[in-house]
2 protein chains.
Amino acid sequence: MLNVLCVNLYAVGSLSMPFNEVRKDYLLNRWVVIATERGRRPTDFAKQDRQKAKTGVCPMCPGNEYMTPPAALAYLKSGKGVKKAKDKDDFRHRNWLIRCVPNLFPAFSPPKGKISRKQICRGEDLFEAVGHHEVLIESPNHEEHPAVARIPQLVHVINGYVDRLRELSAKPYVKYVSIFRNHGLEAGASLSHAHSQIIATPFIPETVETEFAASKKFWKENRECVFCDIIEKERDGPRLILENSKFFVFAPYASVNPMEFWILPKKHEATLLGLSQGEVKIFAETLKACLCGLKQLVNDPPYNYGFHLVIDKEARDYYHWHLEVYPKLAIWAGFEKNTGMYINTVTPETAAETLKKAVSS
Amino acid sequence: MLNVLCVNLYAVGSLSMPFNEVRKDYLLNRWVVIATERGRRPTDFAKQDRQKAKTGVCPMCPGNEYMTPPAALAYLKSGKGVKKAKDKDDFRHRNWLIRCVPNLFPAFSPPKGKISRKQICRGEDLFEAVGHHEVLIESPNHEEHPAVARIPQLVHVINGYVDRLRELSAKPYVKYVSIFRNHGLEAGASLSHAHSQIIATPFIPETVETEFAASKKFWKENRECVFCDIIEKERDGPRLILENSKFFVFAPYASVNPMEFWILPKKHEATLLGLSQGEVKIFAETLKACLCGLKQLVNDPPYNYGFHLVIDKEARDYYHWHLEVYPKLAIWAGFEKNTGMYINTVTPETAAETLKKAVSS
């Protein structure tokens, strides 16, 4: 892995000529062909009209709380401050800032009563779908998506992620908590009200497990965190988008999505649980700046983002949480689905160059 | 792996009640939650209107051959028979049945002159994108997709796949040939004329490599092909869709796509190269029947299909070629993309039950 970083990090694709190169992810055995089509620029992905989710009564808007199950978490307005909902009535309260409710059609559901590991894992390769599946409603305002959110509101959202992560990761049957966001119908958001999702699973999913294993191997070989190393190596390179006092944003070397970017904390931490309120605020500002730049550049594209983190304390040294943002500007089709290999028509260098401009303008 | 087959093969999901279970693929470390939404039936996926590719001058229609590069392969009408194009003029001939042309924006391109392995692989994790990327135009008739194709025409298509596979796999820099089809704009087909794609790569892509390795391991442990074993195990089970003299069609145990099905030849062969003309005809009939059933059931859904095969002779014993068909009825979003784990809202048992009816009606 170190080789990748040393040898290839400064490979550069340019806008002006077709450029084809096969690259491997920093940690995963995931390959991508960076294959630029002649003359295609990032702004060419901007669509005039995007498919929109059906409108109708929004179950996430204030006043429609009866349409969702009672919240697992709610922040309520309290004078000039915020309080967490505590009693049963509070969870149906209308005066909320954010709400986190169980998904009506959960992929994973809490166990009924106590459950042993043996009951969850019914065979080597068969698990009960025991866990949690929640929807975090990010604002009472239907359209308050992160790219346009007020910073104090986005701070509530990040705090909501952290609170749910803390509670869910403490449950004995939970081995991983995936916190993610789908934006736009084409990226899988069937409801247009600003929301994220949280899925807690009884095992560590494959991509994350592979990433853990590779980062652990790197740490054992180098006594250094591979993500800290990536920050050092990418810092002065052509894929840097933004760096501030606490966060580092760049287009990864082997991006599988056009305009993909990752946000890494500069402080080495395996999970979000150690974030101070100051860091949460800077994270909110960083996230908003990047998503706002993306929105302006490609006309509010659909995207998915997801946190990568570990809850196992053993991983504290070698894992480093981060957020991966995947704009949905291409379709993974027969080749990608059958081979596990990707084609990306925008070089990460071009993505970084254009996003950097958009973020700073 | 054997355990999976023995223990879990008869797990059954029913239409009438919500059913959540986490399953692992026969060979890959790929997990899916089978999570049925209450009361959702396969036919609920049928859309009235599907997004369509832009219309305009079709570069694949007869008369527009000048819009594509010269064909690498063409079958021409010849009296009552068929002949393969041989000289330069033939490749621009208008009287064609199928044509296979280089992709205008290739992900992989042929080397200029002789190239050594060392020149292709410029580092452990960096390859030149050397290979081939072709488009197989399946018929002079714009809309002659496999679900509605005349069988003799579909036979030409399969023969075209085999011919290109034979030629491309013989090249010293080619390690894998991916033959696949994107149907419908939402599945990545930007042009609506019936066509497939063929990509030859200088290494074996990850999914296929993992599948090879797992099937080799199974063979070493059991002296039996894992796919032959799957046929035996699935034969009398709830996931069988169709069986004829030469092929076996079923919904795989851990399908990651709603209504996914695989077509396996009953004869153990690692590649398509050994198909007799009789087998090609039966394969064309089987493929048409299944895709026609799918089309009727879910109103011509977008889909991707891809062949899995090996060209390395060493794999002859343990690998078994097949076709995987992935209807595109759901969107892989933040959870899938960040975790490598999937959510499928239709049980494979329900998929098989409904497809079986549609195919036989």
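Predicted model: local features only at pLDDT ≥ 70, side-chain atom pairs only at ≥ 80, totals over all residues.
Residues are numbered from 1 along each chain as its sequence is written, and chains are lettered from A, with ligands numbered from 1, in the order in which they are written.

Superposition of chain B on chain A gives an RMSD of 0.0 Å, with a turn of 180° and a shift of 0.0 Å along the axis (least squares on C-alpha atoms of residues with pLDDT of at least 70 in both copies). The two copies are thus related as by a two-fold rotation axis. At the interface, 53 residues of chain B are in contact with 53 residues of chain A, contact being defined by C-beta atoms, placed from the backbone, within 7 Å. The chain B side comprises 24 nonpolar, 18 polar and 11 charged residues (Ala, Val, Leu, Ile, Met, Phe, Trp, Tyr, Cys and Pro count as nonpolar, Asp, Glu, Lys and Arg as charged, and the others, Gly among them, as polar). Because 100% of the interface residues of chain B are also interface residues in chain A, the copies meet through the same surface.

Strands here are DSSP runs of E of at least two residues, and helices runs of H or I of at least four, numbered from the N terminus; pairing requires at least two DSSP bridges.

In chain A, 11 strands form an open antiparallel sheet in the order S4-S3-S5-S8-S10-S9-S14-S15-S13-S12-S11. Strands S4 (81–84) and S11 (240–243) of chain A stand at the edges, each with a single partner strand, so one side of each is left without a neighbour in the sheet. The twist averages 20° from one strand to the next (axes are lines fitted to C-alpha atoms, for helices over the stretch in contact, with angles from 0 to 180 degrees between N-to-C directions). Within this sheet, S14 (residues 303–308) and S15 (residues 322–327) of chain A run antiparallel through 6 bridges, and A:Tyr303 has A:Pro327 as its bridge partner. Helix H6 (residues 277–298) of chain A packs on the sheet, touching S11, S12 (247–250), S13 (261–265) and S15, and its direction makes about 20° with that of S12(A).

The largest nonpolar core contains 206 residues, of which A:Leu355 and B:Leu355 touch the most other members. Such a core is a set of buried Ala, Val, Leu, Ile, Met, Phe, Trp, Tyr and Cys residues joined through C-beta atoms within 7 Å (buried: 20 or more other C-beta atoms within 10 Å of the residue's own; exposed: 12 or fewer; partly exposed in between). Beyond four places in sequence, the residues touched by B:Leu355 include B:Ile241, B:Met259, B:Phe261 and B:Leu294.

Key:
Contact = placed C-beta atoms within 7 Å.
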